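Colleague: Hi! Could you walk me through this model? I have a few quick questions.
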Amino acid sequence: MSPLVSDLHLYDIANVKGVAADISHCNTPSQVRDFTGAAELANCLKGVDVVVIPAGVPRKPGMTRDDLFNINAGIVRDLVSAVADNCPGAFIHIISNPVNSTVPIAAEVLKQKGVYDPKKLFGVTTLDVVRANTFVAQRKNLKLIDVDVPVVGGHAGITILPLLSKTKPSASFTGEEIEELTVRIQNAGTEVVEAKAGAGSATLSMAYAAARFVESSLRALDGDGDVYECSFVQSDLTELPFFASRVKLGRKGVEALIPSDLQGLTEYEQKALEALKPELKASIEKGIAFAQKQT
Ligand code: LMR
């Protein structure tokens, strides 16, 4: 629906034609084209500015996102390799889980191809922000449209850290509310997986969140100088090589990280930040090791 989308290329290993026919009937200016199977992947990617990768298998109840690693890691590796060959200058949005590992895999593949631009590789964590905004607005009876909660760290379990103290407009929370909201935001993906009872994980709210992140990227590419989103990116805000935080987006991708976002944290947030680091570090290293093993 975004007027900033001129062409929409849809790719999958099967069943793309129907989706493309369906979506092409929307009365928007964008041209929709479909591409099926590996033989058509290169043509799908040529000339594109933003690539969104939601491919792979979803969780079933009882699984963690890391349980998807064995299948999704190879899928992301192969798709990013095609991106490197056909549209190396594009923004790459990774949705495929485990994001904490698939983003480092993508970075390694791009490095191996000599086209890694850390400013253009993004793990999509927008759904964590969307959820945090929704739950906080409900709990505090705030007008949802105004609420903005930064979420930092990664995109799995305790690595998802909502910074409730930095909620805008400023709101005060009891210790009990902080604990309850933090745990709900961290487990929100699992909440959907359990409700779907074996039929997959979040798709509609994820699509909504991904559309928001794409729209923000397109606005930035279009020259809007006031675009900020949380994303899992290469980062020097902590000792970890990748970290989700608020980033300023520009024509060339990440224009700036916002170090002040990690300053002045509450004791609860500071402890949670330290607690998430070992898990996030292990997931990042697992992704890097996987990609390096392939060469
Ligand atoms: C989500 O947060 O909903 C996605 O990462 C999918 C999942 O497995 O939870």
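Predicted model: local features only at pLDDT ≥ 70, side-chain atom pairs only at ≥ 80, totals over all residues.
Colleague: Is asparagine 141 buried or exposed?

Modeller: Asparagine 141 is exposed, because 7 other C-beta atoms lie within 10 Å. Residues are numbered from 1 along each chain as its sequence is written.

Colleague: Thanks! What is the phi of asparagine 141, and where is that residue found?

Modeller: Its phi is positive, about 55°, although asparagine 141 is not a glycine. Asparagine 141 sits in the loop between α5 (126-140) and β6 (151-153). Helices (H or I, at least four residues) and strands (E, at least two) are DSSP runs, numbered from the N terminus.

Colleague: What about alanine 197: buried or exposed?

Modeller: Alanine 197 is exposed, with 9 other C-beta atoms within 10 Å. Alanine 197 also has a positive phi, near 50°, and is not a glycine. You will find alanine 197 in the loop between α7 and α8 (204-221).

Colleague: New topic, the ligand. Which residues surround the ligand?

Modeller: The shell includes Pro58, Arg59, Arg65, Asn97, Leu127 and Met206. A residue counts as near if its C-beta atom, placed from the backbone, lies within 6 Å of the molecule. Helix α7 (residues 188-196) gives the largest share of that shell, 3 residues.

Colleague: And how many are nonpolar, polar or charged?

Modeller: The shell has 6 nonpolar, 3 polar and 2 charged residues. Here Ala, Val, Leu, Ile, Met, Phe, Trp, Tyr, Cys and Pro are nonpolar, Asp, Glu, Lys and Arg are charged, and the others, Gly among them, are polar.

Colleague: Why is proline 58 classed as buried?

Modeller: Proline 58 is buried because 21 other C-beta atoms lie within 10 Å. Proline 58 lies in the loop between β3 (50-53) and α3 (69-86). Leaving out residues up to four places away in sequence, proline 58 touches Gly200 and Ser201; contact means C-beta atoms, placed from the backbone, within 7 Å.

Notes
Buried ≥ 20, exposed ≤ 12 C-beta atoms within 10 Å, placed from the backbone. Contact = placed C-beta atoms within 7 Å.
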